Amino acid sequence: MSNDKVHLGHTARKRFGQNFLHDHYVIDAIVAAIHPQEGQVMVEIGPGLGALTEPVASQISHMHVVELDRDLAERLRHHPVLKDKLTIHEADAMKFDFNQLKQDGQPLRVFGNLPYNISTPLMFHLFEQSGLISDMHFMLQKEVVDRLAAGPGSKAYGRLSVMAQYYCQIIPVLQVGPGSFKPAPKVDSAVVRLVPHAKPALVATQVSDLQRVCLEAFNQRRKTIRNSMRNFITPEQLTLLGIDPNLRPENLTLEQFVIIANWLSEHPQG
């Protein structure tokens, strides 16, 4: 027998990381934060049983949903209220091209109660398409929201913090306890608003170099950057960039990570 939990006639699937939101106070607070407006291109990732879909759709005439679970997509197709308001994309959001949802140059407004097991890679996928998006509202593990919002010097500060803040302004909105979901997860959750920068204050010549710098630095976060970055930059070069090579990665600002990445772009490795 599976350990999956049955809820409202649907089995929550562990492999999809499904936890269904049912707390109406929390749902109302999230919808108020999203504040959907008629004419906007609203896109929900993982609508599940429609806990957010129904109240958002009640305020607008049309929205898109991206749902991987065939049973849930089928359920939405036959939903008495939603079936005429939704365009359902039965697809893996991690591979989905959000560019296809653009209408008349309008940016997308993306939201969802993201499955815990894919939330971080999915956000990286969306960051790469952030030029299409005006804002994102996501329910995530509280620990992930803490990492998104963390600043230098914090234990939560890492690769996700740097890359998310490179692309977006991060605004924590609401904390949510396990009892708001069925089945109840073992962790606290939180809602966050991500607003892609219209004009980034900092520009990496090659985002791939920024990702590499972050990856190498935080893979060895207890080491000083003279050691963790020695594969591509010397302590002397760091000093010339105005960066103390004896700092640990968690003490570097986003701007300093971008400076190192841009140096790397100008000095590609052989």
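Ring pairs link F124, F127, Y166 and Y167 into a cluster, where rings of Phe, Tyr and Trp (its six-membered ring) pair if their centres lie within 6.5 Å, with planes under 30 degrees apart counted as stacked, over 60 as edge-to-face and the rest as tilted. This is a predicted model, in which local features need pLDDT of at least 70 and side-chain atom pairs count only at pLDDT 80 or more, while totals for chains, interfaces and linings use all residues. Residues are numbered from 1 along each chain as its sequence is written, and side-chain values use heavy atoms, with hydrogens and water left out.

**Aromatic rings**
- The charged end of R159 sits over the ring of F124, 4.6 Å from the ring centre; the criterion is that NZ of Lys or CZ of Arg is within 6 Å of the ring centre and within 35 degrees of the ring normal.
- Across the whole structure, a search finds 6 aromatic pairs, and F96 and F98 form an edge-to-face pair with 5.0 Å from centre to centre and 80° between the planes.
- Both F96 and F98 are buried, a term for under 20% relative accessible area, with exposed meaning over 50% and partly exposed in between (1.4 Å probe, protein chains only).

**Nonpolar cores**
- The largest nonpolar core has 57 residues, of which F98, F127, F138, L148, L194, M229 and F257 touch the most other members; a nonpolar core is a set of buried Ala, Val, Leu, Ile, Met, Phe, Trp, Tyr and Cys residues joined through side-chain atoms within 4.5 Å.
- Helix α10, residues 254-266, gives the most to this core, with 7 residues; helices (H or I, at least four residues) and strands (E, at least two) are DSSP runs numbered from the N terminus.
- A second, separate core of 23 residues includes I27, I60, L82 and V176.
- Leaving aside residues up to four places away in sequence, M229 touches V213, A217, L252, F257 and I260, where contact means heavy atoms within 4.5 Å.

**Around S228**
- S228 belongs to helix α8, residues 225-228, and is buried with a relative accessible area of 1%.
- With residues up to four places away in sequence not counted, S228 touches E216, A217, Q220 and K223.

**Backbone features in loops**
- Most residues other than glycine have a negative phi, and most peptide bonds are trans.
- The peptide bond from K182 to P183 is cis, with omega near -15°, and P183 is found in the loop between β10 (181-182) and β11 (189-196).
- H35 has a positive phi, near 55°, and lies in the loop between α1 (24-34) and β4 (41-45), where H35 counts as exposed at 51% relative accessibility.
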